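Here is a short report for a reader new to this structure. Please look over the sequence and the model first.

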Amino acid sequence: MPELPEVETIRQSLTSYLQGLTIEGCQVTLPKLVKNMAADDFMAQLKGRTIREIGRRGKYLIFKLSRGYTLVVHLRMTGQLRFCASDVPRPAHTHVVLEFSPDKELRYTDTRQFGAWFLAPDGEIGRVAGIDRLGVEPLSPEFTVEQLGTMLSLRRGKIKAVLLNQHIVAGIGNIYADEALFAAGIHPERVASTLTPRELAALHFALQALLTRAIELRGTSVRDYVDGSGLRGNFQTELKVYGRTDGLCRLCDTPLLRLVVAGRSTHLCPHCQI
DNA sequence: CGGTGCCTGCTG
DNA sequence: CAGCAGGCACCG
């Protein structure tokens, strides 16, 4: 479900609720979500720990806990984290609950059950959760045109597949890949190593501008996405190609195209993107 | 690299 | 009823 802007919005909203709170209890009712230990051990380890701060890396949420442990959550397609009063009925597909005093809960719902939870000592969590192998953060100073050019010059795959590869740039998913390629005028099936310097600059600019704007608008809510208090985002109103199958290009009125690239539904303007 | 599986629910 | 869904790991 969520890509970098959505996970960042969830991080911000949860921070305001959870920072400094102590986990009074934990219930896991879908044990397979906990990837690196038995669910019973997970619940026992979490109880009594305080949430110091909440971070993000790519599409991963990172909860720094007291006494040297870190909790990592990946929402995959349909995971949601919502903080609310304990007496509000729990929605369907609630698989993990963290309890706080007085009478508040963090609920994890996940219709498709693809999510992933990890708990480990601070020094091990990166390797355990796979965060160590992520590529550059696209909104960090380390993400430069030169660096993007170097990475893409080594890739023989299609540019869309490369953008979706979390080991190269972290946090881009299907929506922002399609939108960035449209904004940069690049066809999603172009071989990554063949982009011109002008195209590299346009793609770098488009990625940073889109992700920044999408965070400002608190994410894109096409289907399931909501933030930590259940609020939808607003970036869907600014989508130029994603999900606009049968629509016309907003720049040139050409009918938009839908292809499958890298196994994913892909939206583009065949006139503007070459 | 492409193809498939993981799951459930919604849409046409 | 088939097809599709904002992700990712695994297979050959």
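## Two domains

Chain A splits into domain 1 (4-133) and domain 2 (145-268). The model is predicted. The centres of the two domains, taken over C-alpha atoms, are 28 Å apart.

The domains touch. On one side, 18 residues of domain 1 take part, in contact with 20 residues of domain 2. Two elements give two or more residues each to the domain 1 side: α1 and β5 (79-85). Helix α1 has the largest share, with nine residues. By class, this side holds seven nonpolar, five polar and six charged residues.

## Helix α1 against helix α7

Helix α1 covers residues 4-18, and helix α7 covers residues 197-216. They pack at an angle of about 35°. Their axes are 9 Å apart. The crossing is right-handed.

Which residues of α1 and α7 meet? From α1 come L4, P5, E8 and T9. From α7 come L211, A214 and I215. The residues of this contact comprise five nonpolar, one polar and one charged.

## A four-stranded sheet

An open sheet has four strands in the order β2-β3-β4-β8. The pairing is antiparallel. At the edges are β2 (51-57) and β8 (116-121), and each of them pairs on one side only. On average, neighbouring strands are turned by 20° against each other, with direction ignored.

Take the pair β2 and β3. Strand β3 spans residues 60-65 and runs antiparallel to β2, joined to it by six bridges. G55 has its bridge partner, I62, in β3. Helix α1 also belongs in this picture: α1 lies across β2 and β3. Its direction is at about 175° to β2.

## Around DNA strand C

DNA strand C is surrounded by 22 residues. The closest are G173, N174, R223, Y225 and S265. Helix α6 (174-184) and strand β10 (264-268) are the elements that give two or more residues to this surface.

How do the residues near DNA strand C divide by class, and how many are in each? Seven are nonpolar, eight polar and seven charged.

Key. Residues numbered from 1 in each chain as written. Chains lettered and ligands numbered in written order. Predicted model: local features only at pLDDT ≥ 70, side-chain atom pairs only at ≥ 80, totals over all residues. Axes fitted to C-alpha atoms, helices over the stretch in contact; angles between N-to-C directions. Left-handed = near helix turned anticlockwise from the far one by under 90°. Contact = placed C-beta atoms within 7 Å. Nonpolar A, V, L, I, M, F, W, Y, C, P; charged D, E, K, R; others polar. Domains from an automatic or database assignment. Near = placed C-beta within 6 Å. Pairing = 2+ DSSP bridges.
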